[in-house]
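Let's take a walk through this fold together, from the overall build down to a few individual side chains. Keep the viewer open and turn the model as you read.

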Amino acid sequence: MKRNPRPDINRQDWNTLYKFLRGYVKNSADSRRHRERLYLQQFILILGNSGIRIGEARRLRWMDVSSSKTVMGEERLVFSVRGKTGEREVVCNPGVDRYIRKLWEYRSKELGETPAMNEPVFCHKDGKPIISFKKGFRRALDEAGVLYGNDGQVRVPYSLRHTYITMRLTEGVSVYQLAVNTGTSVEMIEDF
């Protein structure tokens, strides 16, 4: 197995981060900071529970979000993403609907009407896509005390993809199913 260039966030640190983010958003100094932190929180939760790439998240629009029932009859959000490996449908973990709904409601209130369906999900007040969460991500993880992985490497936003894949594997999800959902090869998952 190759060395992972971007460390995942283990379950214990994920739980720490999840709990920390609630207070981080709630205790924002002003409305601008509140918005930044709310969007960062949802970005972390959505990417950590969908496995989409950073660029795919940047291009995700409201029209790309739908839902479907699993073979077990469970309702799940589905993202139609466009990225490095073309277009694909991504079935999200349960709960992602809450994170998307939080952004939809926040944005609708901010605009005084519902957002345009072609607007990016992760956008600035002016509707332009948020290009990077890197600085906010680093700050939040540092303040939460989970910036570094067990190997001492700094966690970066792309670590959320590794987190998703690692957690699904430990839950017994098939590597083949993960490869399709994440738009990568079985070999890449096995190597990293």
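Predicted model: local features only at pLDDT ≥ 70, side-chain atom pairs only at ≥ 80, totals over all residues.

How is α2 placed in the fold? Of its 18 residues, 13 are buried, so α2 is largely enclosed by the rest of the structure. At the start of the helix, a side-chain oxygen of Asp30 comes to within 3.2 Å of the backbone nitrogen of Arg32.

Now zoom out. The chain has eight helices and three strands. Reading from the N terminus, the order is α-α-α-β-β-β-α-α-α-α-α. The radius of gyration is 16 Å, close to the 16 Å that the globule rule gives for 192 residues, so the chain is as compact as a globular protein of that length. Along its principal axes, the C-alpha trace spans about 50 × 35 × 30 Å.

What about the inside and the surface? Buried residues account for 46% of the 192 in the chain. As for how the chain folds back on itself, take the contacts between residues at least 6 apart in sequence: 58% of them join residues at least 24 apart.

The whole structure holds six aromatic pairs. One of them is Phe43 with Phe122, an edge-to-face pair at 5.5 Å centre to centre with 80° between the planes. Phe43 sits in α2, while Phe122 belongs to the loop between α4 (96-111) and α5 (134-144), so the pair ties together parts that are 79 residues apart in sequence. Both Phe43 and Phe122 are buried.

Phe122 and Phe133 both lie in the loop between α4 and α5, so here the pair ties together parts that are eleven residues apart in sequence. Phe133 counts as buried at 12% relative accessibility, and Phe122 does at 1%. Put together, Phe43, Phe122 and Phe133 make one aromatic cluster.

Next, step back to the loop between α1 (11-26) and α2, where you'll find Ser28. Is Ser28 buried or exposed? With a relative accessible area of 17%, Ser28 is buried; the cut-off for that label is under 20%. Its side chain reaches the backbone oxygen of Tyr24 at 3.5 Å. Setting aside neighbours within four places in sequence, Ser28 is in contact with Arg33, His34 and Arg37. For a sense of distance, compare the other end of the chain: the C-alpha atoms of Ser28 and Glu190 are 40 Å apart.

Let's head over to helix α7, residues 175-182. Val175, Leu178, Ala179, Asn181 and Thr182 are buried there. The cover over the buried residues of α7 includes β3 (86-91), α6 (159-170) and α8 (186-191).

From α6, pick out Tyr164. At 4% relative accessibility, Tyr164 counts as buried. Leaving out neighbours within four places in sequence, its contacts include Leu178, Asn181 and Thr182 in one stretch of the chain, and Leu47, Gly48 and Asn49 in another. The C-alpha atoms of Tyr164 and Thr182 are 9.4 Å apart, with the two residues 18 apart along the chain.

Finally, follow the chain just past α7, where Gly183 adopts a positive phi of about 65°. Which side chain reaches the backbone oxygen of Gly183? Arg53 does, at 2.8 Å. Arg53 is in the loop between α2 and α3 (54-59), and it is buried, with a relative accessible area of 7%. Residues up to four places away aside, Arg53 also touches a set of residues that includes Lys84, Arg88, Tyr158, Arg161 and Thr184.

Terms used: Residues numbered from 1 in each chain as written. Heavy atoms only, no water. Buried < 20%, exposed > 50% of the residue type's maximum accessible area, 1.4 Å probe, protein only. Helix = DSSP H or I, 4+ residues; strand = E, 2+ residues; numbered from the N terminus. Polar contact = N/O pair within 3.5 Å; in protein donor to acceptor, adjacent residues only side chain to side chain. Rg over C-alpha atoms; globule rule 2.2 N^0.38 Å. Contact = heavy atoms within 4.5 Å. Phe/Tyr/Trp six-rings, centres within 6.5 Å; stacked < 30°, edge-to-face > 60°.
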